[in-house]
Amino acid sequence: MAESTLRTISLSDFRPDRRRLVTGAVVTGAGMLVAAAGVGVLAYELFRAGRTWTSAWQVPPAVLASRALHQAQSAAQAGRDAWTSYQETPVR
């Protein structure tokens, strides 16, 4: 039954209205431009708010990053020292 149905379907009968297709494409393009503008405004505002927020900190972000890096280096060195100086003792 499916074979006979496929034989009767003709692609020449598929004729969408070109004006509606063009209109849909234009509206979609306009929507994409509006969405891109919205994303741009959103990104700008988040960036501006972030800069305002971090500028109000008592300690600048660069100093905080430097401290964190120093702490990480110190912790790594302590771990290396503990690893190399470890001596296994037998369990009694």
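**View 1. Trp53, Trp57 and Leu64 make a nonpolar surface patch.** The patch covers about 330 Å². The model shown is predicted.

**View 2. Leu64, one of the patch residues, sits in helix H3.** Helix H3 takes in residues 61-85. The relative accessibility of Leu64 is 36%.

**View 3. Three helices and zero strands are found in the protein chain.** Read from the N terminus, the order of elements is α-α-α. The radius of gyration of the protein chain is 33 Å, whereas the globule rule gives 12 Å for 92 residues. The value is well over the rule, so the chain is more spread out than a compact globule. The C-alpha trace spans about 85 × 50 × 15 Å along its principal axes.

**View 4. Surface and burial of the protein chain.** Of the 92 residues in the protein chain, 0% are buried. Buried here means under 20% relative accessible area. The accessible surface of the chain is about 9000 Å². Carbon and sulfur atoms account for 65% of that surface.

**View 5. The protein chain carries 10 positive and 6 negative side chains.**

Key. Residues are numbered from 1 along each chain as its sequence is written. This is a predicted model: local features need pLDDT of at least 70, side-chain atom pairs count only at pLDDT 80 or more; totals for chains, interfaces and linings use all residues. Side-chain values use heavy atoms; hydrogens and water are left out. Helices (H or I, at least four residues) and strands (E, at least two) are DSSP runs, numbered from the N terminus. The radius of gyration is taken over C-alpha atoms; the globule rule is 2.2 Å times the number of residues to the power 0.38. Buried means under 20% relative accessible area, exposed over 50%, partly exposed in between (1.4 Å probe, protein chains only). Accessible areas come from the Shrake-Rupley method with a 1.4 Å probe; for residues, only the protein chains shown count as cover. Lys and Arg count as positive and Asp and Glu as negative; His and the chain ends are not counted. The place of a charge is taken as NZ of Lys, CZ of Arg, CG of Asp or CD of Glu. Patches are made of residues with over 30% relative accessible area and no salt bridge: like charges are joined within 9 Å, nonpolar side chains (Val, Leu, Ile, Met, Phe, Trp, Tyr) within 5 Å. A salt bridge is a side-chain nitrogen of Lys or Arg within 4 Å of a carboxyl oxygen of Asp or Glu.
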